[in-house]
Amino acid sequence: MARILHVLDHSLPLHSGYTFRTRAILKAQTGAGWEVRGITGVRQYQHGQEPAMQAEEAEGLHFFRTPQRVSGPPGLREWREIRALEQRIIDVHREWPFDIVHAHSPALNGLAAARAAARLGLPLVYEIRAFWEDAAVGNGTGREGSLKYRLTRALENHVVARADRVAVICEGLRSDLVARGFDAGRIFVSPNGVDMELFGNPPPRDESLAAELGLTGRDVIGYIGSFYDYEGIDDLIAAMAHLRGAAKHAHLLLVGGGPMEAALRAQAAASSAAERIHFVGRVPHEAVERYYSLVDVLAYPRKRMRLTDLVTPLKPLEAMAQGRLVAASDVGGHQELISDGVTGALFPADDPAGAANAIDNLFADKAMWAARKADARAFVERERNWQKNIMRYDPVYHFLLGRAKNG
């Protein structure tokens, strides 16, 4: 079976949505018989990884590293990152000859991989998980239409044009690329999925943790994830004061952290519902299921912007696999995952009162909870199970290998 090298921004043992998607892909492909490895660029070390390492194993997966640091002014530094990763890919090929280069966004990885693949005469798959110029706007580190925004978009277009095939995680990203003029036949969707072995067996309610947090016997609304502005957690906190119906005594459990945490804590402290809002902070990944077990309704109130309209998140899928009810704003990314009134509830984005109304309606009709949870879990098993999702790569790989052999 052919060998695939995945080119990554960062990887396990670091934990993030990015690394968990990578883990799922590599494990599923290994199970399907492909030989796979990952390689990370110099940005692995920005997350605290020791740069002297040439290679590393994590959770049974093998990763090559780019063991150097780069410096310089903006522009020159990024170019040095690209060249370092490009050369490391070439060096790895001498050690572990691979047949396909599968690069994952951001575009700096894609350009390094494209240059290396061209030098090696190998096919390139480029996978876009988000448009990073839009992610920067969502994270508060960029501004739409700025010079950096336009340069990042131009670089993305350049890499897409050089790739043999392009994977995207959702229809929103695919439609945007087609609108830019790229051939729809070269772009395929490999959606976010859930490893049912990890999330498919929800634990029973952790009563000791409930007692510790003051949630014994309480209805619980929860948010588990990163505290970025675009996630709309401020709207969820504001919604707590608008609960008037069946959920008016419900508590809000917030698990995670991020740049908005201080502002959100201050907002919660000033709320009329302050005594029903609980911040837990960040918890170890292996402990997250304990907190999922306490939540009746997982809420995802993302704000409306290009990032959230185009990109599908992973967390709602994990919640559905855990057998939890999901309520989410009606941004485009959520609409690809949630069928309102069937697998979850959608409410107007940027509207705390609308969110409160949807949550009140969920708690008013507990008789339908079992059926909705079953429908949501069935959707994940049928449409977003990594063991099935992974098959979307196979025909692309086989086509590229066959073309390379015959070319």
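## Stop one: strand β6

Select β6 and look at its side chains: Leu124, Tyr126 and Ile128 point one way, Val125 and Glu127 point the other way, and all are buried. Here, buried means under 20% relative accessible area, exposed means over 50%, and partly exposed is in between (1.4 Å probe, protein chains only). In a regular strand, side chains alternate between the two faces of the sheet. Five of the five residues of β6 (residues 124-128) are buried, so this strand is largely enclosed by the rest of the structure.

A word about what you're looking at: this is a predicted model, in which local features need pLDDT of at least 70 and side-chain atom pairs count only at pLDDT 80 or more, while totals for chains, interfaces and linings use all residues. Residues are numbered from 1 along each chain as its sequence is written, and side-chain values use heavy atoms, with hydrogens and water left out.

Two strands count as paired if DSSP finds at least two bridges between them. To find one of these bridges, pick His102, whose partner in β6 is Val125.

## Stop two: the six-stranded sheet

Next, select the open sheet with strand order β11-β10-β9-β12-β13-β14 and parallel pairing. Its edge strands, β11 (277-281) and β14 (345-347), each pair on one side only. Neighbouring strands here are turned by 25° against each other on average, direction ignored.

Zoom in on β13 (residues 325-329), which runs parallel to β14 and is joined to it by three bridges. Which residue of β14 is the bridge partner of Ala328? That's Leu346.

Then show helix α15 (residues 352-364), which lies across β9 (220-226), β12 (297-300), β13 and β14 and runs at about 160° to β14. Axes are lines fitted to C-alpha atoms, for helices over the stretch in contact, and angles run from 0 to 180 degrees between N-to-C directions.

## Stop three: the cores

Nonpolar side chains tend to be buried together in soluble globular proteins. A nonpolar core here is a set of buried Ala, Val, Leu, Ile, Met, Phe, Trp, Tyr and Cys residues joined through side-chain atoms within 4.5 Å. The largest has 62 residues, and Ile221, Ile237, Leu253 and Leu254 have the most contacts inside it. Helix α15 gives the most to this core, with six residues. A second, separate core of 44 residues includes Ile82, Trp96, Val159 and Val166.

Click on Ile237: leaving aside neighbours within four places in sequence, its contacts (heavy atoms within 4.5 Å) include Leu252, Leu264 and Phe279.

## Stop four: Ala274

Move to the loop between α10 (261-269) and β11, where you'll find Ala274. Is Ala274 buried or partly exposed? Ala274 is partly exposed, with a relative accessible area of 27%. Not counting residues up to four places away in sequence, Ala274 touches Ala268 and Ala269.

## Zoom out

Finally, show the whole chain, with its 18 helices and 14 strands. Helices (H or I, at least four residues) and strands (E, at least two) are DSSP runs, numbered from the N terminus. The C-alpha atoms fill a box of roughly 65 × 45 × 40 Å, taken along the principal axes. Buried residues make up 56% of the 407 residues in the chain.
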